[in-house]
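Me: I would like a close look at one part of this model and at what lies around it. Please keep to what can be computed from the atoms.

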Amino acid sequence: MAVCEIRNTEPKNINIPAAAAAGAGVGLGLRYFLPVQRTEVDTLLFNQSEEMKKIQIRSAKKTFVENIEKRFKQNPSDESMNLFLQRMKAATTEEIRAAKDKIKNAPKEIQDGVSKLKSALADRIKASKNLTEANIKNLVKQSRSVWAFVLPGAALAAMGAYVYNVIGTITDD
């Protein structure tokens with residue numbers, strides 16, 4: 001029979017409960033850092049995410065146009081705001097073409113003013129879309145089950161620590 005000496009320090013051993021706790025923490029962190037899958041969004045929001053984005057974009061556009069109308073009422077001599085509002089309120093294709101022709105035939109300063117308003121509207125729409133997407137992703141991440149990430153992380157870390165301890169004692173013999 002082989003006699004093993006008793007050592008005070010065993011550098012190869014890992015505390016299994018501590019490893020499980022660390023693995024649980026990593027699993028919890030992965031809950032927030034893993035990217036959101038399209039199926040998760042569709043399951044949680046019942047395929048309404050695109051509609052939510054469209055609603056927010058329409059709302060941002062409407063708010064922007066209302067703000068321009070208020071500014072135009074304060075300064076009715078601003079021709080660039082007038083042409084921009086005509087273009088935005090045009091309902092038929094003939095009205096749209098007429099508004100585009102007026103903008104095209106306007107002096108350079110007015111065209112620049114209209115283009116600045118268009119780019120400001122585009123920026124507002126882009127920001128609204130990005131914020132809505134970020135809010136949807138955060139909602140999905142918050143709705144993920146905590147235990148679906150914590151338990152596998154803890155189990156894998158504990159299993160890894162156990163295997164490491166077993167292999168460490170085998171290599172010592």
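In which helix is Ile-16 found?

Reply: Ile-16 is found in helix H1, which covers residues 16-33. Helices here are DSSP runs of H or I with at least four residues, strands are E runs of at least two, and both are numbered from the N terminus.

Two remarks on reading the values come before the rest. This is a predicted model, in which local features need pLDDT of at least 70 and side-chain atom pairs count only at pLDDT 80 or more, while totals for chains, interfaces and linings use all residues. Residues are numbered from 1 along each chain as its sequence is written, and side-chain values use heavy atoms, with hydrogens and water left out.

Ile-16 is partly exposed, with a relative accessible area of 30%. On this scale buried means under 20% relative accessible area, exposed means over 50%, and partly exposed is in between, using a 1.4 Å probe and protein chains only. Not counting residues up to four places away in sequence, Ile-16 touches Ala-158, Ala-161, Tyr-162 and Asn-165; contact means heavy atoms within 4.5 Å.

Val-166 is partly exposed, at a relative accessible area of 30%.

H1 also meets helix H6. The buried residues of H6 pack against H1, helix H2 (38-45), helix H3 (49-74), helix H4 (79-89) and helix H5 (93-105). Among those buried residues are Ile-110, Leu-117, Leu-121, Thr-132 and Val-140. H6 has 36 residues, which at 1.5 Å a residue should span 52 Å, and its end C-alpha atoms are 52 Å apart, in agreement. The expected span is 1.5 Å times one less than the number of residues.

Thr-132 gives one example from within H6, residues 108-143. Thr-132 is buried, with a relative accessible area of 10%. Its side chain reaches the backbone oxygen of Ser-128 at 2.7 Å. A polar contact is a pair of N or O atoms within 3.5 Å; within protein, one must be able to donate a hydrogen and the other to accept it, and residues adjacent in sequence count only if both atoms are side-chain atoms. Leaving aside residues up to four places away in sequence, Thr-132 touches Met-52, Lys-53 and Gln-56.

Charged pairs come next. The structure holds eight salt bridges, each a side-chain nitrogen of Lys or Arg within 4 Å of a carboxyl oxygen of Asp or Glu. Glu-50 forms one with Arg-38, the closest N and O atoms being 3.6 Å apart. Glu-50 lies in H3 and Arg-38 in H2, so this pair ties together parts that are 12 residues apart in sequence. Both are partly exposed, Glu-50 at 37% and Arg-38 at 42%. Glu-50 and Arg-38 are linked with Asp-42, Lys-53 and Glu-133 in a network of salt bridges.

A second bridge joins the side chains of Glu-40 and Arg-144, at 2.9 Å from N to O. Glu-40 lies in H2 and Arg-144 in the loop between H6 and H7, so parts that are 104 residues apart in sequence are tied together. Glu-40 is partly exposed at 25%, whereas Arg-144 is buried at 8%.

The loop between H2 and H3 holds Phe-46 and Asn-47. Most residues other than glycine have a negative phi. Phe-46 has a positive phi of about 55 degrees, and Asn-47 one of about 60 degrees. Phe-46 is exposed at 66%, and Asn-47 is exposed at 57%.
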